[in-house]
Structure formats: C-alpha cells, structure tokens
Amino acid sequence: MPLEKETFQKNAKLEGEVIVLDKNFVDKNVGNKFGFKKITGTRLACILGLNHYKTEFKCWMEMVKLYKEEIPKQLSVAGHNIEPLIRDFVASKCFEAEYTSVDPKTVYWDQFQDNKMFGGLIDAEPVKNGKIDYSTKLPMLEIKTSSIDSFKYRVENNQMEMIVDHNGLPVVKELNAKKNSWFKNDVIVIPEEYVCQLSLYLYLKNVDRGAFAVAFLTREDYLHPENFKAEEHEIHVVELLLNKTIFLEFIADAEKWYNDHIVKGISPLMTNEDKKWFNSINK
C-alpha cells in the first residue's frame, strides 16, 4: 500500500529531513485505542536499531498511520494456520504442559490495554486450572516460522510479493539459505530483534523466563499449511532468561523515543535510505 496521501495532506508536512504532524491530529490519536499505534515487540527492535529490514522512520510512519505495510499473503496464512500446531506440539513434547493463545480480536490485538506506550500480543502462555499461570516457572512462548530455502520476491505497489510457480509453490532463490542463516557453528542463534521482542513481553508481564520455538517450513507448507504436521518438521526450542536490569535501559530509550517522536508528532531524521523509500511511495 502506498502513502496514505489524504491523511498526509491533511495532517502532516515535510520539513527538511523530518515529517511534522498537525497538533490536533496528534492530540486526537495519542493514547487513543484506535489512534496511533503503540510500541510492540517488533517495533521496539526497529526503534533500537536492531531490525535490519526496517528503519525507525518507517516504523514511525506506520505507528502514526501514514503508511501500512502488509506481509505477503502466503506468509500470513501459513503463520495463522501453523503456529497453533507448533504451540501445542512444543507444549506437550517439551514442557508437558498446556499453553494457550489469546484471540486477538477480543483484546483489539493488544494484551496490554492499560499500558499507554507499550503493547502487543504474546504467542502462547502456560495454563494451570484453566487460567494463565506462571507460578510453575514455565516459559512464555514466542513462535517463529522460517522457510528452509530463501524465496524470490518482487515489489508490487510498494509491497513485497512472493513469486510462485505455476503450481502455486514459492520460487526458490537459494536452497537451504534461510535455514542456514539461523545457525552459527551448527548452533541456532536467535536474532537480536526477536530477543528484543520476547523480552518486552516478559518485561510487561513481569516474568523472566521465555522460550523460542523455531520451526523450518518446506515450500509445500506455504501452499497447503492445513496439511502441516509438527512432528514431521525440524523444530528448535531455545530458552531465554530476561536480564531486567539491562532491559530497563532499552525501555528508557524507547520511552524517550516515543515522547520525542509520537507524543510530539515529529518523525526521526530520515536517512538516505528513508528518503529514497519515501519518494517511492509519495508519487
């Protein structure tokens, strides 16, 4: 989707290397459940410069609703169908426990309604006697799906689109490349941006144990996610212990960023990369 031109023209203006929002527009949307977006785990990584694919400027554009990015349909459908199966498999085989996930619609895609600045959705949480319960010290679960091969994409209307063959299967760019990127010296390494994401939800829930469940998908899984069988796939579980003292420094940086750029309605400085991207959507 390109720039939200009508919203931009009414409520924003480009001033040098920043975008400045109209004060009334800011006042109407900051702290409004249906207004500007909050800092989620994914956005926190962007703000802290840990996301290698999205800058803080682009993140800001999305948060103030001037731009909306959509992931390729195949990725979203696969995640929606497959992640619950991974959750149940890992809960049973690794933790011998029951886990649950909140229906996003019931919480407006935010489990932290009382927090004005931070929010988001937790992939899965331990359950005891029908209620979410961390007293047994079971970890919060963050589920990641990754293709084994890297795939080819193209840009259509400023959005990434997966290229598929005549059978509807993703076209491979390089065999095993995506899976290999997760490993160093044959040991799986969780990217910093994902560590940041899970750490935020641990912090907001005031718990310190988390775990990643990383599953590697075949081309066929993206075409027929309904046929996914967790026991037939390679799934790694990597635990994370939150160091709250260190993480509080990240929270302080994020709070300052939110006040400087969301509350004040002034974007971060555009990098050269940001300028090229903004010009491409502002046509």
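**The core and helix 9**

Tutor: The largest nonpolar core has 53 residues, and those touching the most other members are Ile19, Leu21, Ile39, Trp60, Met61, Leu66 and Phe278. Such a core is a set of buried Ala, Val, Leu, Ile, Met, Phe, Trp, Tyr and Cys residues joined through side-chain atoms within 4.5 Å. At least two residues each come from strand 2 (18–21), helix 2, helix 3, helix 4, helix 7, strand 13 (209–217), helix 9 and helix 10 (272–281). Helices (H or I, at least four residues) and strands (E, at least two) are DSSP runs, numbered from the N terminus.

The model is predicted: local features need pLDDT of at least 70, side-chain atom pairs count only at pLDDT 80 or more, and totals for chains, interfaces and linings use all residues. Residues are numbered from 1 along each chain as its sequence is written, and side-chain values use heavy atoms, leaving out hydrogens and water.

Now helix 9, residues 244–263. Its buried residues are Phe247, Ile251, Ala254, Trp257, Tyr258, His261 and Ile262. They lie on the same side of helix 9, because they cover an arc of only 125° around the axis. That arc is taken from the directions from the helix axis to the C-beta atoms. Buried means under 20% relative accessible area, exposed over 50%, partly exposed in between (1.4 Å probe, protein chains only). Exposed Thr245, Glu249 and Lys256 sit on the face turned away from the buried side.

The buried residues of helix 9 pack against helix 2 (23–29), helix 3 (41–47), helix 4 (56–63) and helix 7 (192–205). Contact means heavy atoms within 4.5 Å. After helix 9 comes Gly265, with a positive phi near 70°.
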